[in-house]
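Colleague: Hi! Could you walk me through this one? I'd like to start with a loop.

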Amino acid sequence: MACNTTILDTNVEESRRENEDESVENVEHLLMLSDEYQVKELIFNPCVEFLEVQPKTKENVMKILALADLYNLDKVWQGCNDLLKNMKLESLSETVHLQDLDKEKMQYYLTQRIERLETILDELYPQFLDYWRVRFGSFTRQEERAWIGALIISLGVQ
């Protein structure tokens, strides 16, 4: 019985993902038609609202981002960007296909990643220093640099 439930859950999840993909593709076509025939209120605005609330996932974010760029949808673009800048580097590389991007876009995505890591480092570093001083007393500049290097490497792996 548990096996049948697992198979059913898997099928439902796959069906949901396929429906989301089809919905985004349908919206893409509707946006194109609404732009061509200038029917903004009847078609364009509902499509934009759909994209704003559509969950952004690793699988659909690049398609939605392309629509946001094409139609200047700032709120949709920001939602996609928020997901991308919080992705782990491996997921980001797979999702965005860094190797296929032009230099400017690749630099943008990697800069977002660096800014995120710097924010984390700014939060963690003072906490670590306090912990180290309480636990072990003061430490040398060389030990501090070694720790910073190790922290940066560990954050880059995540």
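Colleague: Where does glutamine 38 lie?

Modeller: Glutamine 38 lies in the loop between α1 and α2. Helices here are DSSP runs of H or I with at least four residues, strands are runs of E with at least two, and both are numbered from the N terminus. Keep in mind that this is a predicted model, where local features need pLDDT of at least 70, side-chain atom pairs count only at pLDDT 80 or more, and totals for chains, interfaces and linings use all residues. Residues are numbered from 1 along each chain as its sequence is written, and side-chain values use heavy atoms, with hydrogens and water left out.

Colleague: Thanks! Is glutamine 38 buried or exposed?

Modeller: Glutamine 38 counts as exposed because its relative accessible area is 63%. The cut-offs are under 20% for buried, over 50% for exposed and partly exposed in between, with a 1.4 Å probe and protein chains only.

Colleague: And what is its phi?

Modeller: Phi of glutamine 38 is near 55°, a positive value in a residue other than glycine. Asparagine 72 also has a positive phi, of about 55°, and is not a glycine. That asparagine is found in the loop between α3 and α4, and asparagine 72 is exposed, with a relative accessible area of 61%.

Colleague: Good. Zooming out, how many helices and strands are there in the protein chain?

Modeller: The protein chain has seven helices and zero strands. From the N terminus on, the order reads α-α-α-α-α-α-α.

Colleague: What share of the residues is buried?

Modeller: Buried residues make up 27% of the 158 residues in the protein chain. The accessible surface comes to about 11,200 Å², and 55% of that belongs to carbon and sulfur atoms. Those areas come from the Shrake-Rupley method with a 1.4 Å probe, and for residues only the protein chains shown count as cover.

Colleague: Now the inside. Which residues have the most contacts in the largest nonpolar core?

Modeller: Leu31, Leu51, Leu73, Val76, Leu84, Val96 and Tyr109 do, in a core of 23 residues. A nonpolar core is a set of buried Ala, Val, Leu, Ile, Met, Phe, Trp, Tyr and Cys residues joined through side-chain atoms within 4.5 Å. The elements giving two or more residues to this core are α1 (2-37), α2 (40-53), α3, α4 and α5 (89-96). The largest share, five residues, comes from α3. Apart from this core lies another one, of six residues, among them Leu121, Tyr125, Leu129 and Trp147.

Colleague: What is leucine 84 in contact with?

Modeller: Leaving aside neighbours within four places in sequence, leucine 84 is in contact with Val61, Met62, Leu65, Leu92, Thr95, Val96 and Tyr109. Contact means heavy atoms within 4.5 Å.

Colleague: Switching to pockets: which residues line the largest pocket?

Modeller: Leu84 and Tyr109 turn up again, along with Met62, Leu65, Ala66, Asp69, Trp77, Asn81, Leu101, Lys105 and Tyr108. The elements that give two or more residues to this lining are α3 (61-70), α4 (74-85) and α6 (103-136), and α3 gives the largest share, four residues.

Colleague: How much space lies in the largest pocket?

Modeller: About 200 Å³. On a 1 Å grid over the protein atoms alone, a pocket is an open set of points where a 1.4 Å probe fits, with protein on both sides within 12 Å along at least five of seven lines; lining residues have an atom within 4 Å of a point. The volume is the space filled by probe spheres set on the points, which are joined across faces, edges and corners.

Colleague: Back to helix α1, please. Why does valine 24 count as buried?

Modeller: Valine 24 counts as buried because its relative accessible area is 2%. Not counting residues up to four places away in sequence, valine 24 touches Phe50, Gln54, Lys63, Ile64 and Leu67.

Colleague: Where is the place of glutamine 54?

Modeller: Glutamine 54 is in the loop between α2 and α3, and at 8% relative accessibility this glutamine counts as buried.

Colleague: Last one: is arginine 113 buried or exposed?

Modeller: Arginine 113, in helix α6, is buried, with a relative accessible area of 4%.
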